[in-house]
Amino acid sequence: MTARQWQTLLFTSLGLGVIWAFLIFALLAAGLSLFEGTGLVPSSAQITICGLVAGIWGLIAIERRTRGLIGGFVLGISLLFHLLATDTPFQNSEAHPLLQSLGALLGAFLLVIVLVFSFRTLGPGVVNRRRWELCILSSLQVFGFVFFTVLVVLPFYVMLMTSLKSQQALLMNPLDLMPNWRQDGWAIFRSYVELFRDFNFGRYIGVSAIVSLATVALTLLFAVPGAYAVARLRFQGRKLLSRSILMIYLVPAIVLVIPLYVIFSQLGLRNSLLGLLIVYPATTLPVALYMLQGYFRGIPPELEEAALMDGCSRMVAIRQVTMPLSIPALASVGLYVFMIAWNEFLFAFMFLDDPSIFTLPRGVVSLNSSEVPRQHLMAGAVISTVPILILFLWAERFLVKGLTAGSVKG
Amino acid sequence: MAGIVLRGVHKSFGEVEVIRGVDLEIEDREFVVFVGPSGCGKSTMLRLIGGLEEVTEGQIIIGDQDVTGLPPAERSLSMVFQSYALYPHKTVRDNMGFPLKMAGEPKEQVAAAVKEAANVLKLEPLLDRLPKELSGGQRQRVAIGRSIVRAPLAFLFDEPLSNLDAALRVQMRVEIARLHRRLRSTMVYVTHDQVEAMTLAHRIVVFSEGQIEQIGPPLELYENPANLFVATFIGSPGMNILSGKGFGEGQFRLEDGSGLKTDRTLAEVAENADQMGIRPEHIELDSEGPVRGKIAVVERLGADSFLHVDLEAGTTILVRQNGNSSLEEETNVRMRFLPEHLHLFNVEGKAVTKNT
């Protein structure tokens, strides 16, 4: 290898070592802090040196192809992490020292794993541009995975844990998210019990469910014929129509909400579910039309023509052939619309004053207006999130693609 | 069973006129094949008969009923599509039974009809499979099965074998011929495949640019093409066309000056001729022959050989020889065109009538 290639290799391994050391130990420190309820901050010198050592080790491992030393290096780096600390490994003697040592070990392990994964494409031997790019891409791949996981999991974790805590515990130490597991029976779920008992959440769920399901039904009722017409039939202005479908999204809802408020007040539709059921399908229809027409276009027209020849009228052909084949599309559109309606906040907030017809998001925000403690708010958030989660897991089976496989030669 | 009559059928898509006046009578139990280059309107014509497209002008009569305005469902026809068009969510059994189910037949009768059709097409072991679990040939067989279960007035085939590989195509072609013999029903078959047309048809209809060029039994079209288009379209490899000029006494002179004697003895007929056609198998190599050329390429296919011969005038003609030709490239040869197989065409491309 030339000096220049050595240089590239050195910078890459050291750079990735330091970057990943920072990422992993910062995440671990944050995780431990949430777990222990006290701030754990390792020094940057500690992390940098560990990262450099890990990088150099990676460089050696590339050249020698010695994977056998992984265990030793995990121990070595975690030992180094201990030695460089001025206090306990994560520089906070309030937290459990053994836990911190375990954290350091875990951090070293993760660091080595990520580096091995990234460096696996390099060496031994000449490092060309392709191998180097693969190395960087592997690293980015892991980063993307970690980043989005944290982005999704962390807020949900905070939400769930906060909802399980008591008012006093929250006031005493807002950072400590660990609920007290040693309570009697169902006491840990007291926020949920109170929401359903004192704050009418059972009713809100019911209202939300009705509104969402009705929105799905109405949207599909209009979207299916509309999308079919745009996808299959030849008529004047078809292209214009199909292109303008998404135009409605150029107008932000916040611009529409005031005029709609005025109009609906005049018509007596404002403080009513009927009003919501006019607005919601109107906002979900464009996307539903757009998704469905794309799917209908993908269904070979010969299938319907065959049904026509086999003695069906067009309506029967649609019902017998097109609809059964569109189940995946109908399911995903339905799910999507359901989610939008379930989570919709702006119109519900503006239109609804009567607590007996509050939807869930409106109900959750009404908690905020009084001196309702934070754990109730979080419990409300959990209540409104979980049904969607369950629905997605359950409906996943309907979203199977490739149902038209084998019908026509492609 | 019924015949089909087309009267002055026109079809336009917007500004584009695809079918420009077609008159045709298909007799009961006849096997008619539509051929023509792509875009000639043959598939559109079939879809018009089936009712998948509406005629712009003209009349379609099936049996003794005018079906011009009727939707496809009320025409009692069956169609087999190039892409098979099987219902992917239904089993083979349900696919084949679908037309009868739609017609409201009782279950037992549907089952019996499906069983019989499956028996004919050797599909019994596959009845409970889904289309995606079948091979291409099996799918096409199911599509044919679906079309025969309800005993339609006529069958429409839209290039049914084009998606199959060569060996399977030959096999299915024979099966369709057998099917026609067994069912003895009217069939209209669209293809661009010469061999399918020649072997299956009672009569071939040659389409070009939305019009019928010629109608006739396969060999009639082969031996007596009405015009230059049919002459070059029917037959593979195609007919050699040479320019020249007709003289009196049945003489025809090629551009390079070599004279040919035709069997069209009437002087005024020969004088009309502007172009001459001769099929590759009707040219003999003869050291005394009037036409001279040099072999450019020899293609040996085993059963026969094709010689590409450059004439002195610059055109290249194709000569067919039986067996493996021993001739080498770059050899000078002399040829004789068999006079009884010469075709003469006038300036408009119309055949100069046979007059012997």
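Predicted model: local features only at pLDDT ≥ 70, side-chain atom pairs only at ≥ 80, totals over all residues.
Residues are numbered from 1 along each chain as its sequence is written, and chains are lettered from A in the order in which they are written.

Chain B is divided into domain 1 (4-229) and domain 2 (237-345), with bounds that come from an automatic or database domain assignment. The centres of these two domains, taken over C-alpha atoms, are separated by 39 Å.

Within chain B, 4 strands form an open antiparallel sheet in the order E2-E1-E4-E5. Strands (E, at least two residues) and helices (H or I, at least four) are DSSP runs numbered from the N terminus, and two strands pair if DSSP finds at least two bridges between them. Strand E2 (16-26) and strand E5 (65-66) of chain B are the edge strands, each pairing on one side only. Strand E4 (residues 57-62) of chain B is joined to E5(B) in the antiparallel sense over 2 bridges; B:Ile62 has B:Gln65 as its bridge partner in E5(B). Helix H1 (residues 42-50) of chain B lies across strand E1 (4-13), E2 and E4 of chain B, and runs at about 65° to E2(B). Such angles run from 0 to 180 degrees between N-to-C directions, with axes fitted to C-alpha atoms, for helices over the stretch in contact.

The contact between the chains takes 25 residues from chain B and 21 residues from chain A, where contact requires C-beta atoms, placed from the backbone, to lie within 7 Å. On the side of chain B that touches chain A, strand E6 (77-80) and helix H2 (92-102) of chain B each supply at least two residues. By class, this side of chain B has 18 nonpolar, 6 polar and 1 charged residues; Ala, Val, Leu, Ile, Met, Phe, Trp, Tyr, Cys and Pro count as nonpolar, Asp, Glu, Lys and Arg as charged, and the others, Gly among them, as polar.

The largest nonpolar core has 142 residues, and those with the most contacts inside it are B:Val188 and B:Val206. A nonpolar core is a set of buried Ala, Val, Leu, Ile, Met, Phe, Trp, Tyr and Cys residues joined through C-beta atoms within 7 Å. Helix H8 (residues 201-232) of chain A provides the largest share of this core, 11 residues. A second, separate core of 36 residues includes A:Leu32, A:Trp57, A:Ala104 and A:Leu111. Beyond its neighbours within four places in sequence, B:Val206 is in contact with residues including B:Val35, B:Leu221 and B:Phe233.

Some backbone features deserve attention. Most residues other than glycine have a negative phi, and most peptide bonds are trans. B:Ser76, in the loop between E5 and E6 of chain B, has a positive phi near 55°. B:Ser76 is buried because 21 other C-beta atoms lie within 10 Å; the cut-offs are 20 or more for buried, 12 or fewer for exposed, and in between for partly exposed. B:Arg184, in the loop between helix H5 (166-183) and strand E8 (186-190) of chain B, also has a positive phi, near 50°, but counts as exposed, with 12 C-beta neighbours inside 10 Å. Finally, the peptide bond from B:Ser236 to B:Pro237 is cis, with omega near 0°.

Technical notes
Contact = placed C-beta atoms within 7 Å.
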